[in-house]
Amino acid sequence: MTDTIRFDRDDDGVVTLTLDDPQQSANTMNARFQDDLLATAARLEREVDDVTGIILTSAKSTFFAGGDLRELIAAGPDDAAEVAATATRMKGAMRTIETLGVPVVAAINGAALGGGYELALMCHHRIALDDPRSRIGCPEVTLGLLPGGGGVVRTVRMLGVVPALTDVLTQGQQYRVIDALARGLVDAVVPDLDTMLADARAWIVAHPESVQPWDAPGYRMPGGTPSHPTLAANLPAVPATLKAQLKGAHYDAPHHIVAAAVEGAQVPFDRAIEIETRWFVDLACNSQQATNMIQAFFFDLQAITKGGSRPDGFDAWRPTRVAVLGAGMMGAGIAYQCAKVGLDVVLKDVDVDAADRGKDYSRRLVAKGVSRGKVTQDDGDALLARITPTGDAEDAAGCDLLIEAVFESPDLKHAVYAEVEPHLADDALLCSNTSTLPITQLATGVSRPEDFIGLHFFSPVDKMPLVEIIVGEATSDAALARAFDVVMALRKTPIVVNDSRGFFTSRVIGTFLNEAVAAVGEGVSPVLVERAGSAAGYPAPPLQLMDELTLTLPQKIEAAAAAADQAAGVDHPRHAAHDVIDRMVDDFARGGRKDGAGFYDYDDEGNRTGLWSGLWEHFGADTDTHRHEGDDQLLVDLQERMLFAEAIETVRCVDEGVLTSFPDANIGSIMGIGFPAWTGGVAQYVDQYPGGTTGFVARCKELADRHGDRFLAPDSLVALAESGQPFRPADTR
């Protein structure tokens, strides 16, 4: 009798193995399950003469959630032998079940990701329930790991080396069930549970002596082994393509996956399993990246989505009717997202024509979704019907949620609040989508500042997963709880920060961009600046990103910050980047992509054609300070200037109380402003730096000596380093 796997045999000899851990809401490959799988495999082997087939299914809403990450994140170099032994035992049990000589069918009644899909792969036939919420795949690479339960070996033998690497392993795709069917990851899709189990039994009857394709006589790997001339000619393109996708950044897991796949494809199955284990153990026990990414993308993300920053004591809330003010790019995107999750939206602009142009954004997205088969025409039409464009404030009558997304001007925002607020529900939640303006200041324009809060969306709204919630001085806990619920209802990830100019995300990303722009002003080749950003792991090179955000925006932010400091009677530190930006805008009329000219040149359709040659001409190409593209040490220096600038500013945000949660810092930096994922987030970067806080502070001193006092570590971090303490307290991990 096992705790996590129920064993039921019917009169026909069909054994149903039901995965059902009584101590967890989801099945995971924890120690109890490992023991139970070993016991179940041994029992099946003993009783195989009385078994005609096996159905593997789950009693949970998901099929199987994967490995126990609490155990993996705790593994270190000294645990390598134990991790390897555990993986070997597990894969041995799976191999036993796979080779019993009876048909084994996976009845996948929910998501099967990572270890869950690997369990399905040991089966001879995979039937999936057609549930739009379900996902199939091997996303281990997104946690800095590789599939260590036979996933590399079996997908390579099932699909071929190149398809397995590109479609399953190196990018961690999570497929909808219907897409998994199209790619051969499952064999059938059924509409309901009864059909799934009936079809599983029927397949067992029709295939009484099943074996895996790779165990059958005469098996040939799809596409050939690496020694096959065709594959040998094409295989070098795989790492080259992967390197291009990663834009030069080094990630341990994709490298290990390619090695395990290619090496394993050249040897017998059991030897390939050993190779996979060796590469898996190296990541699990020796890769700091794996530790970082597990912490961020599992534990920190889970802490956020479980409401770690939501005040207690307030009932869950869902708005019914939303007024979105401003039908520009952001307002249009917010309206679409609200309508997508079933909310009725009043999209208001200066007149109905302007509002309707904003609705065109939703029309285009719906049309694209229909053309790609991701949404039906009826569902798309229903989404569009939920958006009412208007120029009349009275049409917002009764709305219980306001999201303002007009131009970044306090006077304009106050004017639209005054126009619309009288028509809203008496207790409507009042939100501003500002990216930089202090929420406390904006709250003076509404009659109920306690119900006013910032909701900072990122562009494009339909793709960006994060929303930064900004709490003003007067914002109540009730308003924060409701705002948190709104973001979750919109299927976004909420982080919560306290009010300050630039909040957290805008404030921190500005430091990254400033270092890149300042380097150009120092005569560093802009090619090297872009290479450094990509090699560090940023999703977009900094000068390219600056063009997208516009060069006039940091000009306005700098002017506002200088005025605020002057009013407060404090000195305003001016970053050297602003001298470059002022010249670009004021002297050369290059304001970014929207102007057709910035750090890059653009064609008539707005496509980048290359870096502007004037960067070399006007910023030091002919001086002794010009740096060449091949300077590797300078490349490293540039990367750390960008990374350290953001990390140091994050420490200041913690010191000032802008940030109160380390999960919010890490997830906000990765999902909101593209801080490199391999770091585990901007706060994690400090602790994972070689030598921890001590090494980080020492490197700060080196950068400060070379580039200025802005790189000096804050006193709070120096104190932690001197006492050997981490930046993030252990009890918050």
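Trainee: Let's start with G137: which residue stands opposite G137 in strand 8?
Mentor: Strand 7 (residues 136-137) and strand 8 run antiparallel and are joined by two bridges. Two strands count as paired if DSSP finds at least two bridges between them. Helices and strands here are DSSP runs numbered from the N terminus (helices are H or I with at least four residues, strands are E with at least two). In strand 8, the residue standing opposite G137 is Q174.

Trainee: And what kind of model are we looking at?
Mentor: Residues are numbered from 1 along each chain as its sequence is written, and side-chain values use heavy atoms, with hydrogens and water left out. Local features need pLDDT of at least 70 and side-chain atom pairs count only at pLDDT 80 or more, while totals for chains, interfaces and linings use all residues, as this is a predicted model.

Trainee: Back to that sheet: which strands stand at its edges?
Mentor: It's an open sheet of three strands with mixed pairing, in the order 5-7-8. Each edge strand has a single partner strand, so one side of each is left without a neighbour in the sheet; the two are strand 5 (112-113) and strand 8 (174-175).

Trainee: There's another sheet, with six strands; what does its twist average from one strand to the next?
Mentor: This open sheet has mixed pairing and the order 1-2-3-4-6-9. Strand 1 (5-9) and strand 9 (188-190) are its edge strands, each pairing on one side only. From one strand to the next, the twist averages 20 degrees.

Trainee: Which residue in strand 2 is the bridge partner of F7?
Mentor: Five bridges hold strand 1 and strand 2 (residues 14-19) together in the antiparallel sense. In strand 2, the partner of F7 is L17.

Trainee: Helix 1 lies across some of these strands; at about what angle does helix 1 run to strand 1?
Mentor: Helix 1 (residues 31-46) lies across strand 1, strand 2 and strand 3 (53-58). Angles go from 0 to 180 degrees between N-to-C directions, and the axes are lines fitted to C-alpha atoms, for helices over the stretch in contact. To strand 1, helix 1 runs at about 20 degrees.

Trainee: How does helix 5 lie relative to helix 6?
Mentor: Helix 5 (residues 151-159) and helix 6 (residues 161-169) have axes 7 Å apart and pack at an angle of about 125 degrees. The cut-offs are under 35 degrees for roughly parallel, over 145 for roughly antiparallel, 65 to 115 for roughly perpendicular, and oblique for the rest. That angle makes helix 5, relative to helix 6, oblique.

Trainee: Which crossing do helix 3 and helix 12 make, left-handed or right-handed?
Mentor: Helix 3 (residues 80-98) and helix 12 (residues 269-286) pack at about 145 degrees, with their axes 9 Å apart. A crossing is left-handed if the near helix is turned anticlockwise from the far one by less than a right angle, and right-handed if clockwise. Their contact has nine nonpolar, two polar and five charged residues. Helix 3 passes helix 12 in a crossing that is right-handed.

Trainee: How many of the 11 residues of helix 21 are buried?
Mentor: Buried means under 20% relative accessible area, exposed over 50%, and partly exposed in between (1.4 Å probe, protein chains only). The buried residues include L528, V529 and E530, and among the elements the buried set packs against are helix 20 (505-521) and helix 26 (632-655). Helix 21 (residues 526-536) is largely enclosed by the rest of the structure, because its buried residues number eight.

Trainee: What is the relative accessible area of R482?
Mentor: R482 sits in helix 19 (residues 477-489). Leaving aside neighbours within four places in sequence, R482 touches W317, D427, A428, L429 and D451. R482 is buried, with a relative accessible area of 14%.

Conventions: Contact means heavy atoms within 4.5 Å. Ala, Val, Leu, Ile, Met, Phe, Trp, Tyr, Cys and Pro count as nonpolar, Asp, Glu, Lys and Arg as charged, and the others, Gly among them, as polar.
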